[in-house]
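Here is a brief report on selected local features of one protein model. Please view the sequence and structure first.

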Amino acid sequence: MSDTTQSGPVLAADGTPLKRSLARALRMQKMRALMLIAPLLLFILLTFILPIGDMLFRSVENRIVSDTLPKTVVTLADWDAKSGEAPGDAVYEELYYDLFVAAEAKEHTKLGTRLNYEQTGISSLFRSSGRKVDDIGKDHVKAIERAADRALKDEALWFEIMTGGSGAAGNSDLLTAQREKMRNLTDEVFPADIGFVPGAEISELFPRMATAYTDFALFTAIIDQDVVAEEDPWESVFVAFATEVQAPGGAEKLASYSGPGAAELQAAGEALADLEPISFKAAFLDIDEDWGDVDNWRTIQTYSPKYTSGYFLNSIDMQKGPDGAEARPENQQIYITLLKRTMFMSLVITGSCILLGYPVAWILANLPTRSANLLMILVLLPFWTSLLVRTSAWKVMLQQQGVINDVLIWLGLVADDARLVMINNQFGTIVAMTHILLPFMILPMYSVMQTINPSYLRAAKSLGATNWTAFWRVYFPQSVPGIGAGSILVFILAIGYYITPEIVGGTKGVFISNRIAYHISSSLNWGLAAALGAILLVVVLVLYWAYDKIVGIDNVKLG
C-alpha cells in the first residue's frame, strides 16, 4: 500500500505526512511502555544483575596483595621461587617500608588473612611483624635523634627539611604517586592540598626518605587529621635516611646538600658512621624466622597479581603452584565432593517431590472445587509455619531418641539397642527438604492438571482403553508441563538451600551452599565464596540448557 497519491503524500489531520505522523505516534507509544517498565528494570538491575556481577568480580579480584605491598611485589617478581632460597635483602627492604605503612593503617592484618587462605600460619606472621616492624633500625633512629643536640627531634625542622623551605621547588609527582598508593591501601580520599609538598632537592638526593616522609604526611593530614609540621615523623623516615646515607655514595650526597637543616643532617650522618648498615633480612628473621620460609614468599609472589584464578582453582580442589595449577593434598579436597553431593541430593529430593506430589495434585484436580479448596489449605499450611520451626521439628522426630524411633520400637520393628540413625546424614536432609519443598511441586502440577479436560479420559475409555492406558497415554502427557515447572522450581531451590542441611545434615548431609555461607559469615573468604557461587550458577544454567534441549522450556506451564 502506497503512502502517496497523485497529488502528493497522504497527510494527517494536522497536515504532516501520514507516515511521519504514524512513526511519531509509535515512538511515543514505545516510550510510554518503557517508562512503565523502567522501575521494574531498575529494580532487577539493582537487586539481581549488579549483585551477580559483583559476585563474579570478587571471584577473580585480588588487589589486596599489590595494594598493601606495592614495592615488595615488584621487587619480588625477579625472585626465582624454584631456587629453594629466600629472597635477597632488597626484597626485605621493600617489605619494611610497605609493611610499616600498612601497619600504621592497620591493613596488614587483612593481607595476612587473605594469604592465610592459601598458606596456613601466614596471618599470624603478618600480625606479629606489624607490631614489631617499628623496632627495625632502632639503634640508627636513636643515633639520628641524639645528633646535633637532639635538633632532629624538632618536628618543624623536619617539615622544613622535607619541603625545602619557603619558595623551594616541589616534587608534585612524588606526592601524586604516594597519594594514589595510600588511596589504594586505605580506600580513603586524599585531596590534592594537604599543606605539604616534598621538596625537589631532597627528593632527588634522598628519594627513599622523601617517599617515607610523604607517606607520613598524607597519613597524618588525612587519617589522623593533624598538622604535619607539628607531628614527629615515623621511624621509617629515620631508617630511610640512615640507609641512604650509609649506602655507597650516600655520604657524598649528604655533603652536597645545602638546604634547610643541612648542618643537622651532617651531624646525623657522622653519628651513623660508627653503626653497621641495617640488614633488613636479618631484622625480619629476628622478628620471626618464618620470614625465611620459601613457601611464604612463594605464596606472596603467586598471589601478587591484581586478578587471580586462585579462588576458582580452590573451589575445584586445586591450587596455584610454581608450575601452575596443581591438585591440593587429598586431605584438603572437599569441594568436588560437596558439589557432587549437592547435585545428587537435589535430584533425589526433586524425584521424591514428584513421586509424593503427583498423586496429591491429581486428587486435588479431580475433586469437586469445594473439597479441593479445603484440602488445598493443608498443602499451603506449611507456608504459615517458620522454616526454622519445621526443620527443628524434623530434628526432634528423626533423632535416635526421637518420635519415629520410639514408634518403631513400640511396634517391635526395631530393637532398643539398634535405633536407626536418621539425622546428621543425607537421609535426614532428604526427608526434611522433601517435606519443605513438596508444596512447590504440588502447586504447579495442580494448576496444570486443572486445565486437563476429563472428557479426554472418558473418550479414551469409550474406545476400549483400560484405566492405566488412558492415564498413561492421555492424561500423563498433558501433565508433563506441570511436572517440568515443579521440577525446575524444586531443583533450583534445593541446590541453593543451606538452613535445613545445616540443622539436620551434620557432616555428611550438608550442601555446597553451606560452605558458601561459612566463607561469607565466618572465614570471610568472600573470593572463594564468590567462586563457588559462580560455579553453582554455571551448573544451574547448564542443567537449564540441557532441560530445554531435552524437554523444551516452552512446554513448561504454571497453569
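## Model

This is a predicted model.

## Helix H16

Helix H16 spans residues 294-302 and is mostly covered. Eight of its nine residues are buried. They are Val-294, Asn-296, Trp-297, Arg-298, Thr-299, Ile-300, Gln-301 and Thr-302.

The cover over these buried residues includes helices H2 (63-68), H3 (70-76), H4 (89-104), H5 (108-116) and H6 (122-132). Strand E3 (318-321) is also part of that cover.

## Thr-186 in helix H9

Thr-186 belongs to helix H9, residues 172-186. Its relative accessible area is 13%, so Thr-186 counts as buried, the cut-off being under 20%.

The side chain of Thr-186 reaches the backbone oxygen of Met-182 at 2.8 Å. Leaving aside residues up to four places away in sequence, Thr-186 touches Ala-105 and Glu-107.

## Nonpolar surface patch

Helices H18 (335-366) and H19 (369-380) each supply at least two residues. H19 gives the most, with four.

How exposed is Ile-363? This residue of helix H18 has a relative accessible area of 41%. Ile-363 is therefore partly exposed, as that class runs between 20% and 50%.

Methods:
Residues are numbered from 1 along each chain as its sequence is written. This is a predicted model: local features need pLDDT of at least 70, side-chain atom pairs count only at pLDDT 80 or more; totals for chains, interfaces and linings use all residues. Side-chain values use heavy atoms; hydrogens and water are left out. Buried means under 20% relative accessible area, exposed over 50%, partly exposed in between (1.4 Å probe, protein chains only). A polar contact is a pair of N or O atoms within 3.5 Å; within protein, one must be able to donate a hydrogen and the other to accept it, and residues adjacent in sequence count only if both atoms are side-chain atoms. Contact means heavy atoms within 4.5 Å.
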